[in-house]
Amino acid sequence: MKCVSIIVPVWNVEQYLRKCLDSLVNQTFKDIEIVIINDSSPDNSQEIIDEYKKAYPDLISCYIKENGGQASARNLGLKKCHGEYITFVDSDDWVDTQMVEKMYNQAINTNSDIVVCGAYSVTNGSINKLDIFNSNNSDIHKRYIINTPGACWGQLIKKEIIINNDLYFLEHHFYEDIAVMPALCLFSKRITFMNENLYYYLVRTGSTMKQVKYSQSLEDIFDSLDYLSSIFIKNNAYQEYYPELEYIYIDHLLHAASLRFYTFKKFDQLSKIVDIMMQKYPKWRKNKYYKEHGIKYKIICSLFYKKKYKLLKCILKG
C-alpha cells in the first residue's frame, strides 16, 4: 500500500497535461502513486500519458475508460488506487512539488482524516491567491463546509472515508464535487486547514464555470444540491448543519448559479431558484454566514430573490 494516491482524470487537455504531470512526478514525497484515468480523450493526451508512463513505470498507472465525465473518472480512480490517503488533481491544473509531503506530514502529525491547503487561481498567466469566503467558525467540521468551495482538489483525504461511506462522486452530472464533498465532514474525526497555497487552479474560458455558450449542464446544480441534502438527511445531520446547508444554497444557487443563468437570460431557471429558496430556506437572509458578506453580494442575492432584473443590470455593470 502506498501512503498517497494522486488521482488525475484526463479529457482533452493535451495543452496543459505536461505541466500537470511534471508537478506530480517531481513531488518531494516519494511514497506515492499517480493514477491517471483517461476518459476517452479525443486529443493526443494518451500519447503524453504513455510518454510519462514509460519514463516513470513504477510511479504511474493509467486506465482508459469509455467517456462518462469527470465524476466517473474520479470514481474509477478511487477503485483502482492503493493509497491510505488520496488527493485529486485536475489535469489542467498543477501543484507545488512539496504539496504531498507537506499535507501528508500535517495529516500524520495531527492525526487528521482530511487536510486542506490553500490555492492560487491562474487567469491569463496572472497568479493570485484564490479568493474564497472564509469563516472563522470554531467548529472545524462546519468550517469545512463553508470554507471549501465544493471542490475536491487541494485536499488530502483518508480514502476509507469515501469508500466506507459510499461517498462516490455523482456521475453524469456537473457540480459533482458539491454533491458529496461537504458531507465528508460527517465521517471525519479531525480536519486540518493549512495556511499555505499549494495548488494552482487554472481558470479556462469554456470550462463548466466559464461557459461562453449556454449548456444544459448548468442545470445540474439542482440535482447536486438535492443529493447533498439527502446525505445529511440520511445521516440524521440535517438540523445540526442547517445553517451551513442553507448557506450552500445561498452561495451556490441564489448567488453563483443565478449569475450564470442571468448571463444567458434563463429566467425560468431563475424563477426555479426563487421557488426552491422559498420552500426550503425562506429565512435565508438571517443566515449568519450570509450576514458576513459585503453589501454588493447581499444586494445581488436580494435582487435575484425579488426578480428585480433591471436593477440587477445596473448593479452588475457597476
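Student: Which residue in strand 9 is the bridge partner of Gly-118?

Tutor: In this predicted model, Gly-118 has Asn-197 in strand 9 as its bridge partner.

Student: OK, and how many bridges join strand 6 to strand 9, and which way do they run?

Tutor: Strand 6, which covers residues 114-123, is joined to strand 9, residues 191-202, by eight bridges, and the two strands run parallel.

Student: What about strand 6 and strand 8, parallel or antiparallel?

Tutor: Those two pair in the antiparallel sense, over three bridges, and within that pairing Ile-114 has Ile-157 of strand 8 as its bridge partner.

Student: And how many bridges join strand 6 to strand 7?

Tutor: Four bridges join them, with strand 7 spanning residues 126-129 and running antiparallel to strand 6; as an example of who faces whom, Tyr-120 stands opposite Lys-129 in strand 7. The two strands form a hairpin with two residues between them, and there Asn-124 takes a positive phi near 50°.

Student: Why is strand 6 described as largely enclosed?

Tutor: Eight of its 10 residues are buried, so the rest of the structure largely encloses strand 6.

Student: Switching to helices: which residues of helix 5 are buried?

Tutor: The buried residues of helix 5 are His-141, Lys-142, Tyr-144, Ile-145, Ile-146 and Asn-147. Because that is six of the eight residues in the helix, helix 5 too is largely enclosed by the rest of the structure.

Student: What covers them?

Tutor: The cover includes strand 6, strand 8 and strand 9, together with helix 7, helix 8 and helix 10.

Student: Let's take helix 8, then. At roughly what angle do the axes of helix 5 and helix 8 cross?

Tutor: The axes of helix 5 (residues 140-147) and helix 8 (residues 242-263) cross at roughly 5° and come within 10 Å. Angles under 35 degrees count as roughly parallel, so helix 5 is roughly parallel to helix 8.

Student: Which residues meet there?

Tutor: From helix 5 there are Lys-142, Ile-145 and Ile-146, and they meet Glu-244, Tyr-247 and Ile-248 of helix 8. By type, the residues of this contact divide into four nonpolar, two charged and no polar.

Student: And what's the angle between helix 7 and helix 8?

Tutor: Helix 7 and helix 8 pack at about 175°, with their axes 11 Å apart, and they are therefore roughly antiparallel to each other.

Student: New topic: what do strand 2, helix 2 and strand 3 make?

Tutor: Together they make a right-handed β-α-β unit, with helix 2 covering residues 45-55. Strand 2 (residues 32-38) and strand 3 (residues 60-64) run parallel and are joined by five bridges, and Ile-37 has Tyr-63 in strand 3 as its bridge partner.

Terms used. Residues are numbered from 1 along each chain as its sequence is written. This is a predicted model: local features need pLDDT of at least 70, side-chain atom pairs count only at pLDDT 80 or more; totals for chains, interfaces and linings use all residues. Side-chain values use heavy atoms; hydrogens and water are left out. Axes are lines fitted to C-alpha atoms, for helices over the stretch in contact, and angles run from 0 to 180 degrees between N-to-C directions. Angles under 35 degrees count as roughly parallel, over 145 as roughly antiparallel, 65 to 115 as roughly perpendicular and the rest as oblique. Contact means heavy atoms within 4.5 Å. Ala, Val, Leu, Ile, Met, Phe, Trp, Tyr, Cys and Pro count as nonpolar, Asp, Glu, Lys and Arg as charged, and the others, Gly among them, as polar. Two strands pair if DSSP finds at least two bridges between them. A crossover is right-handed if, with the strands pointing away from the viewer, the path from the first strand over the helix to the second runs clockwise. Buried means under 20% relative accessible area, exposed over 50%, partly exposed in between (1.4 Å probe, protein chains only).
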